[in-house]
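Please examine the sequence and the model below before reading on. The paragraphs that follow lead through its strands, a helix and its pockets.

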Amino acid sequence: MAARILVFAGSIRTGAYSGKTADVATKELAEQGADVTRISLADYPLPIMDQDLEKEKGVPENAYRLGRLIATNDGMLICSPEYNSSIPPLLKNAIDWVSRIRKDNGHPFKPFEGKVAGLCSSSEGAFAGARGLYHLRSVLMRCQVEIITPQCSVGRAHEAFDDDGGFKEEHSRRSMATVCRTLIERATMLSTRASR
């Protein structure tokens, strides 16, 4: 049975390098035999995380929609930009809301628990957005997500992609292939996929 992997970027900006990196990951995962679902966080708009709002109205339905999707996959591959050496607010907000889910239709439900994630970053700078992944890794671990060790960080992203949307450099191609292979193997081994 093919591993089911959810892929998304931490930015929804038109032409975002993290989006391009997510597209590369989607193609590589599929070539390695995974059943891939590529989404955009733009399709799951959420208010800023606010416990007063949560108390008044509950966890937003879009957080449940995203949480259910995470639960029906074996793993996630997240491609993130770096904002001020950390996690972009869009991505952090989505993680925070999904992490607040405790029940769904009266049944215990924690979408992140037991999931496996691979992380990628991209930036125009030489650090390739890797500094933000330290924080992203920490946040996801707190949510009971296991993060694989290999990661793919794409530096000088404004010149990293060819006309077909792939990576120009062999180093980036090899790095992405390693991330995808490791993620598929680990996600298959630890699958807690929900049938929803």
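Which residue in β7 is the bridge partner of Leu119? In this predicted model, the bridge partner of Leu119 in β7 is Gln151. The chain crosses from β6 to β7 through helix α5, residues 130-142, in a right-handed β-α-β crossover. Strand β7 spans residues 146-154, and its pairing with β6 is parallel, over six bridges. β6 also pairs with β3 in the parallel sense, again over six bridges. In that pairing, Ser80 stands opposite Ser121 of β6.

The burial of β6 can be considered next. In a regular strand, side chains alternate between the two faces of the sheet. In β6, one side carries Val116, Gly118, Cys120 and Ser122, the other Ala117, Leu119 and Ser121, and all of these are buried. Both faces of β6 are thus covered, and seven of the seven residues in this strand, 116-122, are buried.

A further parallel pairing joins β1 to strand β2 (residues 35-38) over four bridges. Here Val7 has Arg38 of β2 as its bridge partner.

Helix α3, residues 61-71, is mostly covered, with eight of its 11 residues buried. The buried positions are Asn62, Ala63, Tyr64, Leu66, Gly67, Leu69, Ile70 and Ala71. An α-helix has 3.6 residues a turn, so residues three or four places apart point the same way. Among the elements that cover the buried residues of α3 are the strands β1 (4-9), β3 (75-80) and β4 (103-104), together with helix α4 (89-99).

The largest pocket has a volume of about 360 Å³. Its lining comprises 16 residues, and those closest to its centre are Ser99, Arg100, Arg102, Arg142 and Cys143. Helices α4 and α5 each supply at least two lining residues, and the largest share, four residues, comes from α4.

Of the 13 residues that line it, Val24, Lys27, Gly165, Gly166 and Phe167 lie nearest its centre. Two or more lining residues come from each of α1 and α6 (170-189), and α1 gives the largest share, five residues. The lining of the second largest pocket consists of four nonpolar, two polar and seven charged residues.

Definitions and conventions:
Residues are numbered from 1 along each chain as its sequence is written. This is a predicted model: local features need pLDDT of at least 70, side-chain atom pairs count only at pLDDT 80 or more; totals for chains, interfaces and linings use all residues. Side-chain values use heavy atoms; hydrogens and water are left out. Buried means under 20% relative accessible area, exposed over 50%, partly exposed in between (1.4 Å probe, protein chains only). Contact means heavy atoms within 4.5 Å. Two strands pair if DSSP finds at least two bridges between them. A crossover is right-handed if, with the strands pointing away from the viewer, the path from the first strand over the helix to the second runs clockwise. On a 1 Å grid over the protein atoms alone, a cavity is a set of points where a 1.4 Å probe fits but cannot get out, and a pocket is an open set with protein on both sides within 12 Å along at least five of seven lines; lining residues have an atom within 4 Å of a point. Grid points are joined across faces, edges and corners, and a volume is the space filled by probe spheres set on the points. Ala, Val, Leu, Ile, Met, Phe, Trp, Tyr, Cys and Pro count as nonpolar, Asp, Glu, Lys and Arg as charged, and the others, Gly among them, as polar.
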